[in-house]
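Reader: I've got a model open and I'd like to learn how to read its helices. Can you walk me through it?

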Amino acid sequence: MITSAPLWSVLVVPVLLAAFTAIGALADALLAARADARRLSMGVLVVPLAEVPRLLAAQRRTTLAPDSLVWRLGLAAVVIPFGQVTASRMSVGVVWFNAMEVLTWAGLWMAGWGPNAALSLVGGYRFVAQGLAYELPLMFALISAAAGAQSLDVAGIAEAQGRLWFVVWMPAAFAIYLASVYAFSFLGPFGYPAGRDLAGGVLAELSGPDRLVLQAGRWLLLTAGAAMAVPLFLGGGAGPLLPAWAWSAVKTVAVLLLLVWGRRRLPLIRADRYAELAWVVLIPLAIAQALAVALVVLMTGGTP
């Protein structure tokens, strides 16, 4: 039985997210070194960690007549999905997760608008266009998990997978969910808002601590999305021998490493092409998956 954690656990959640994010960043550094045929050494692992003090010490870049308030608010909003990892048991946890994820739309758009520069503005609008295409499939993927458990409580969804994990009979929802994690963290195949053709897009005019906040926010979003996949589709802390918290950690790291590996393997997708794919393929597939889950629940009175 999953219960609410003590109030002080709210302070632990950011620490855990940061630890998992560090693991993902180190794995990404190793994959980058391997792709460049560089020798794997401790120096390779130090590179992503050394970037933090470098950016903290760097000078902020300013543009002509920027909207400073909008710019700063946009950067702060990027990290709001810390709330996706809930420290207390909420009866509408799935809705909360989706609501916090949607806030990245406003955050990235403001981060692109605020500098008063063309390339960053185009990057911000690219994210909005991308968001319109990934949000509906993501919502249906979340609906599938909630319908299978007949609950919007994230803990309740994990508990409903005692006999069979949802990933087994909801593979389409799981795949769509992972694609959406890439999309709302705009990494890997969905890194179009920060594309090289725009000199970095939403990152084009950022330097110093501002750039660090946005870059860290992207990785924290990826980590939070990986962590949320565990109770939604992978049975939460269920597993033999190890305690529940250990299984949750193992599964989170496994999903995160899969996403980091895919980031290096999958090609970049243009927003217009992804929008066509979403409306023609992903949304009908997600609706079919949700319908199949609903039929199973109606016929069996619960999960298989």
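Reader: How many residues does helix α5 have, and what is its reach from first C-alpha to last?

Author: Keep in mind that this is a predicted model. To read a helix's length, set its end-to-end reach against the span expected at 1.5 Å a residue. Helix α5, residues 118-149, has 32 residues and reaches 46 Å, close to the 46 Å expected.

Reader: Where in α5 does a kink lie?

Author: Look at Y134: there's a kink of about 30° there, shortly before the proline P137. And just after α5 ends, Q150 takes a positive phi of about 55°.

Reader: OK, now packing. What describes two packed helices?

Author: The angle between their axes and the distance between those axes. Here, take α8 (residues 171-184) and α9 (residues 208-233): the angle is about 165° and the axes are 9 Å apart. That makes α8 roughly antiparallel to α9, since angles over 145 degrees count that way. The crossing of α8 past α9 is right-handed.

Reader: Which residues meet there?

Author: From α8 you have A173, F174, Y177, V181, Y182 and F184; facing them in α9 are L221, L222, G225, A226, M228, A229, L232 and F233. Sorted by class, that contact has 13 nonpolar residues, one polar and no charged ones.

Reader: And V253, which residues is it in contact with beyond its sequence neighbours?

Author: V253 is in helix α10, residues 244-265. Skip the neighbours within four places in sequence, and V253 is in contact with F20 and I23. The C-alpha atoms of V253 and G24 are separated by 7.9 Å, though the two residues are 229 apart along the chain.

Methods. Residues are numbered from 1 along each chain as its sequence is written. This is a predicted model: local features need pLDDT of at least 70, side-chain atom pairs count only at pLDDT 80 or more; totals for chains, interfaces and linings use all residues. Side-chain values use heavy atoms; hydrogens and water are left out. Axes are lines fitted to C-alpha atoms, for helices over the stretch in contact, and angles run from 0 to 180 degrees between N-to-C directions. Helices (H or I, at least four residues) and strands (E, at least two) are DSSP runs, numbered from the N terminus. Angles under 35 degrees count as roughly parallel, over 145 as roughly antiparallel, 65 to 115 as roughly perpendicular and the rest as oblique. A crossing is left-handed if the near helix is turned anticlockwise from the far one by less than a right angle, and right-handed if clockwise. Contact means heavy atoms within 4.5 Å. Ala, Val, Leu, Ile, Met, Phe, Trp, Tyr, Cys and Pro count as nonpolar, Asp, Glu, Lys and Arg as charged, and the others, Gly among them, as polar. The expected span of a helix is 1.5 Å times one less than its number of residues. The bend at a residue is the angle between axes fitted to the seven residues ending there and the seven starting there.
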